Amino acid sequence: DKRTTTSFIDGSVYHLVMSDEFNVPDRTFADGHDPLWTALDKPDDDSSAAGGGSQQFYNSSFVTTENGMLKISTKIGKTRWNRYDPIKKQWKVEEAHFKSGMVQSWEKFCFTGGIIEIDVILPGDP
């Protein structure tokens, strides 16, 4: 049954409670456009050692659906925006060199336990 899956760990049967097949063409995910997902328009502000000062800007126009799949694109190109520095109390021009998309489900649905199954096709040669 496609609406259940069995745990590889303990054999528990889990029932499907949420599914998104992305089968509606040309969906948009800007804030307020979709009931399950939101694609953000924001810089990736991770300047930690782990993030290494990320060089991308998330843009909701880089997330859509095509041929029954969620499509997240990336493009090389400068993006500039103004950011307020609350410590220095001044606006600063920021710049990133990549544009990409990201989706989130904040305040739309919450995963509290169970199994997540996804089918992903990554770019490049298999």
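Is E94 buried or exposed, and at what relative accessibility? At 18% relative accessibility, E94 counts as buried, where buried means under 20% relative accessible area, exposed means over 50%, and partly exposed lies in between (1.4 Å probe, protein chains only). The views below start with the whole chain and then move to single sites. This is a predicted model, in which local features need pLDDT of at least 70 and side-chain atom pairs count only at pLDDT 80 or more, while totals for chains, interfaces and linings use all residues. Residues are numbered from 1 along each chain as its sequence is written, and side-chain values use heavy atoms, with hydrogens and water left out.

**Figure 1. The protein chain has 10 strands and zero helices.** Read from the N terminus, its elements run β-β-β-β-β-β-β-β-β-β. The radius of gyration of the protein chain is 18 Å, well over the 14 Å that the globule rule gives for 126 residues, so the chain is more spread out than a compact globule. For the calculation, that radius is taken over C-alpha atoms, and the globule rule is 2.2 Å times the number of residues to the power 0.38. Along its principal axes, the C-alpha trace spans about 55 × 35 × 30 Å. Of the 126 residues in the protein chain, 23% are buried. Helices (H or I, at least four residues) and strands (E, at least two) are DSSP runs, numbered from the N terminus.

**Figure 2. R27 and D34 form a salt bridge.** The closest N and O atoms of this pair are 2.8 Å apart. A salt bridge here is a side-chain nitrogen of Lys or Arg within 4 Å of a carboxyl oxygen of Asp or Glu. Both ends are covered: R27 counts as buried at 13% relative accessibility, and D34 counts as buried at 8%. A search of the whole structure finds seven salt bridges, and this pair is one of them.

Figure 3. E95 counts as partly exposed at 28% relative accessibility, whereas R80 is exposed, with a relative accessible area of 59%.

**Figure 4. K92 and E94 meet through their side chains in a salt bridge.** Here the N to O distance is 3.8 Å. Elsewhere, salt bridges that share partners join D20, R27 and D34 into one network.

**Figure 5. D85 is buried yet has no salt bridge.** This residue lies in strand β8 (residues 74-85). The nearest side chain of opposite charge is R83, 4.4 Å away; in this count Lys and Arg are positive and Asp and Glu negative, with His and the chain ends not counted. What lies 2.9 Å from a polar atom of the D85 side chain? That neighbour is the backbone nitrogen of I87.

**Figure 6. K89 and E107 each have a positive phi.** Most residues other than glycine have a negative phi. Phi is near 55° for K89, which lies in the loop between β8 and β9. Phi is near 60° for E107, which is found in the segment after β10. K89 is exposed, with a relative accessible area of 63%, and E107 is exposed as well, at 72%.

**Figure 7. F111, I116, I118, V120 and L122 make a nonpolar surface patch.** The patch covers about 580 Å², with accessible areas from the Shrake-Rupley method with a 1.4 Å probe; for residues, only the protein chains shown count as cover. Patches are made of residues with over 30% relative accessible area and no salt bridge, with like charges joined within 9 Å and nonpolar side chains (Val, Leu, Ile, Met, Phe, Trp, Tyr) within 5 Å. One member, L122, lies in the segment after β10 (103-104) and is exposed, with a relative accessible area of 66%.

**Figure 8. K2 is found in the segment before β1 (4-6).** K2 counts as exposed at 83% relative accessibility. From C-alpha to C-alpha, K2 and H15 are 9.2 Å apart in space and 13 residues apart in sequence.

How values were computed:
A polar contact is a pair of N or O atoms within 3.5 Å; within protein, one must be able to donate a hydrogen and the other to accept it, and residues adjacent in sequence count only if both atoms are side-chain atoms.
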